[in-house]
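Open the model in your viewer and keep the sequence beside it. We will go stop by stop, and each stop tells you what to select.

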Amino acid sequence: MNTAVVGLAVGMALGFAGWFGGFGAFLLVAALGAVGFVVGRLADEGRLGELFQPGGRKRW
């Protein structure tokens, strides 16, 4: 899936959240989307396991 299609889907999801749920729902969907983006990027780079390692300093 290319980035244009992903951007379209995210824009539509934010639009529906804003229309039906108001500004609070818009912000919630945007925040959860950002968290999902970060986790997805870490998974793509193979660094997802670093999130769950105890102790030490984590380098992002």
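Predicted model: local features only at pLDDT ≥ 70, side-chain atom pairs only at ≥ 80, totals over all residues.

A helix here is a DSSP run of at least four residues marked H or I, and a strand is a run of at least two marked E.

**Stop 1: the whole chain.** Show the surface. The protein chain exposes about 5,000 Å². Carbon and sulfur atoms supply 70% of that area. How many of the residues count as buried? Of the 60 residues, 3% do. Buried means under 20% relative accessible area.

**Stop 2: helix H1.** Select residues 3–44, which make up helix H1. Now pick the C-alpha atoms at its two ends. H1 spans only 15 Å between them. A straight helix of 42 residues would span 62 Å, at 1.5 Å a residue.

**Stop 3: the kink.** Where is H1 bent? Centre the view on Gly21, where H1 has a kink of about 145°.

Stop 4: Select Gly46, which follows H1. Its phi is positive, near 75°.

**Stop 5: the aromatic pairs.** Show the ring side chains. The structure holds two aromatic pairs. Take Phe16 and Phe20 to begin with: their ring centres are 6.1 Å apart, with 15° between the planes, and the pair is stacked. Both residues lie in H1, four residues apart, which is about one turn of the helix. Phe20 reaches 64%, so it counts as exposed.

Move to the other pair, Phe23 and Phe26. Why is this pair called stacked? The ring planes of Phe23 and Phe26 meet at 20° and the centres are 6.0 Å apart, so the pair is stacked; the cut-off for stacking is planes under 30 degrees apart. Phe23 and Phe26 are three residues apart in H1, so about one helical turn separates them. Phe23 is exposed, at 60% relative accessibility. Phe26 is partly exposed, at 29%.

**Stop 6: a nonpolar patch.** Select Leu8, Met12, Phe16, Trp19 and Phe20 together. They form a nonpolar patch on the surface. Their accessible area together is about 670 Å². Now click Trp19, which lies in helix H1. Is Trp19 buried or exposed? Its relative accessibility is 70%, so Trp19 counts as exposed; the cut-off for exposed is over 50%.

Note on methods
Residues numbered from 1 in each chain as written. Heavy atoms only, no water. Buried < 20%, exposed > 50% of the residue type's maximum accessible area, 1.4 Å probe, protein only. Areas by Shrake-Rupley, 256 points an atom, 1.4 Å probe, with all protein chains shown as cover. Expected span 1.5 Å × (residues − 1). Bend = angle between axes of the 7 residues up to and from the residue. Phe/Tyr/Trp six-rings, centres within 6.5 Å; stacked < 30°, edge-to-face > 60°. Patch = residues over 30% accessible without salt bridge, like charges linked within 9 Å, V, L, I, M, F, W, Y side chains within 5 Å. Salt bridge = Lys/Arg side-chain N within 4 Å of Asp/Glu carboxyl O.
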